[in-house]
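My notes follow in the order in which I looked.

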Amino acid sequence: AISRMNMVIVLESYTSFFLDTEGLILNDMIIPIETSIQVKTDFFTDYEYGMQVQSTGELQKPESFVTDNDRVFEYDRYLEKDGIYYVLPFAETVIISEGNPSFVRYLYQLKNTFLSVIYRIIPSPESGLLAGILFGEKSALSSDLEDQFRTVGLMHIVVLSGYNVSVIINVIMRFLGFLPKQLRALLAVFGIISFALLVGAGPTV
């Protein structure tokens with residue numbers, strides 16, 4: 001698949017990212033197909049948002065599976081809510097182009113820096129939980145742990161909501177208390193937009 005990277009998540013043993021595809025290569029022919037794919041590949045290459053890459057592997061439809069708690073986790077429906085209909089596990093990925101710098105790319109670099117520090121100094125699954133609370137990074141949680149959160153009704157802990165936005169507003173308004181009120185309000189709006197882009201601009205935000 002020839003694609004541009006969307007969200008990049010670096011974990012302990014692999015890198016997971018979402019691709020907005022431009023085409024699929026089949027028997028040396030490029031077939032223009034626009035879709036989104038979840039790719040899992042090596043963790044030792046620095047992948048970034050906006051890069052153009054070529055990933056090679058066996059394209060699969062995500063399937064439901066049974067967790068350690070003997071519950072069925074509907075992985076296909078879990079990805080479908082984000083517009084992901086295919087997965088490419090154990091993919092070989094080659095960077096074709098570094099892509100162009102952008103404000104959104106800078107935000108993702110900042111986010112990935114924070115996440116890398118969290119994953120490095122805090123063991124799993126606590127690191128995945130913290131990543132979920134701070135950035136709504138549910139993909140950092142294991143499927144079994146996420147299923148347990150859903151079972152006990154605590155999934156809202158790792159889902160960003162308006163509460164997170166209100167905290168951002170409060171922090172900005174207090175930190176910039178020495179500025180005129182209108183300027184603080186303008187900067188707060190900018191901060192909210194930046195935070196929404198940073199966490200993926202999901203509907204809960």
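I began with Tyr49, which I found partly exposed at 23% relative accessibility in this predicted model. Its ring pairs with that of Tyr108, and because the planes stand at 20°, under the 30 degrees cut-off, I noted the pair as stacked, with the centres 4.7 Å apart. I then looked up where the two partners sit: Tyr49 is in the loop between β4 and β5 and Tyr108 in helix α2, so the pair ties together parts that are 59 residues apart in sequence. Tyr108, with a relative accessible area of 6%, is buried.

I next asked how many aromatic pairs the rule gives, and the count came to four. Among them I looked up Phe17 and Tyr47, a tilted pair with 5.4 Å from centre to centre and 55° between the planes. Phe17 belongs to strand β2 (residues 15-26) and Tyr47 to the loop between β4 (36-41) and β5 (52-56), so this pair joins parts that are 30 residues apart in sequence. I recorded Phe17 as buried at 1% relative accessible area, and Tyr47 as buried at 6% relative accessibility.

Returning to helix α2 (residues 103-121), I looked up its packing with helix α6 (residues 181-198): the axes come within 9 Å and cross at roughly 70°, which makes α2 roughly perpendicular to α6. I noted the crossing of α2 and α6 as right-handed.

Definitions and conventions
Residues numbered from 1 in each chain as written. Predicted model: local features only at pLDDT ≥ 70, side-chain atom pairs only at ≥ 80, totals over all residues. Heavy atoms only, no water. Axes fitted to C-alpha atoms, helices over the stretch in contact; angles between N-to-C directions. Helix = DSSP H or I, 4+ residues; strand = E, 2+ residues; numbered from the N terminus. Parallel < 35°, antiparallel > 145°, perpendicular 65-115°, else oblique. Left-handed = near helix turned anticlockwise from the far one by under 90°. Phe/Tyr/Trp six-rings, centres within 6.5 Å; stacked < 30°, edge-to-face > 60°. Buried < 20%, exposed > 50% of the residue type's maximum accessible area, 1.4 Å probe, protein only.
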